Amino acid sequence: MGTWSGVADAYRESFATLCAGAIERLLADTSGERHLDVGSGTGALAARADALGRKVIAIDADPEMVAVSTAVAGGRVVEGSLPDLPFDDNAFDAVTANFVINHVPDPRAGMRELARVVRPGGRVAATIWPSQPAEWAVLVAGAFSAAGVIPIPGQRLSADLDFERSVAGLRGLAEAAGLEAITATELKWDWDISVDALWGGIAGGVATVGQTFLAQMPEVQASAEREFREAATALAPEGILRLSTTAVYVVAT
Ligand SMILES: C[S@@+](CC[C@H](N)C(=O)[O-])C[C@H]1O[C@@H](n2cnc3c(N)ncnc32)[C@H](O)[C@@H]1O
């Protein structure tokens, strides 16, 4: 969960480059002219789909993300939120949601909405992060712990709304929405990011990790940054981190 308000620029320079690692796979596994990208963020997937000749609509809940997407994505970018998309049933040949279902307040209703707007025989392709923390998250968690960062409440869904953040969990979500899973698997890649850019995303308030940082007292924030930079620089003396990444992925029809 967490708020995406006011973080679009920080997101673009940091975690957007992480999420971009899945874009080509989502595009390779979908086809057709009418493409909807839900939770379009900075518009990178929509821009690539546009370049492939698809008629793309991008939609995001956050107005700043919409503004950033509009600048890069071409096509149409609109503001709107899962689970209530302003489109007719069966309106699209392909629907993508790259790291979005893990951020919505009701993932089951969100997936049902993706299923509603894709045509029979069309495809929904979606990614989430698994429950095991990624290498970047382990690095940051170590720094936060050493600095005495206090977690912020309310970042987890209640048990009745949450789902298992795994291949089986995401497949189950798609099947519960009436879709048939064609592929359900993990995707793995390395994320190359500078120490400064990763810290920029955190200090800029992106996602739960950034919101947690912003909620700390100034001295705790300063200590967290010191701890992070020390650990990150030990891993990457040249300043560019290479961090292994695993996503959970489903393609369904
Ligand atoms: C992790 S970002 C992923 C952005 C983009 N898909 C990418 O790959 O870079 C999550 C995005 O989902 C959007 N979002 C969050 N809740 C949403 C909702 N209920 N409906 C639509 N978009 C939502 C956020 O504003 C943010 O742009």
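Helices here are DSSP runs of H or I with at least four residues, strands are runs of E with at least two, and both are numbered from the N terminus. The model is predicted, so local features need pLDDT of at least 70 and side-chain atom pairs count only at pLDDT 80 or more, while totals for chains, interfaces and linings use all residues. Residue numbers start from 1 along each chain as its sequence is written.

Helix H8 itself covers residues 167-176, and its buried residues are Leu-170, Arg-171, Leu-173 and Ala-174 (buried: 20 or more other C-beta atoms within 10 Å of the residue's own, with C-beta atoms placed from the backbone). Looking down the H8 axis, these fall within an arc of 155°, so they line one face of the helix; the arc is that of the directions from the helix axis to the C-beta atoms. They pack against helix H6 (107-117) and strands S5 (118-128), S6 (181-194) and S7 (240-252), with contact taken as C-beta atoms, placed from the backbone, within 7 Å.

Of its 253 residues, 42% count as buried.

Definitions and conventions
Buried ≥ 20, exposed ≤ 12 C-beta atoms within 10 Å, placed from the backbone. Contact = placed C-beta atoms within 7 Å.
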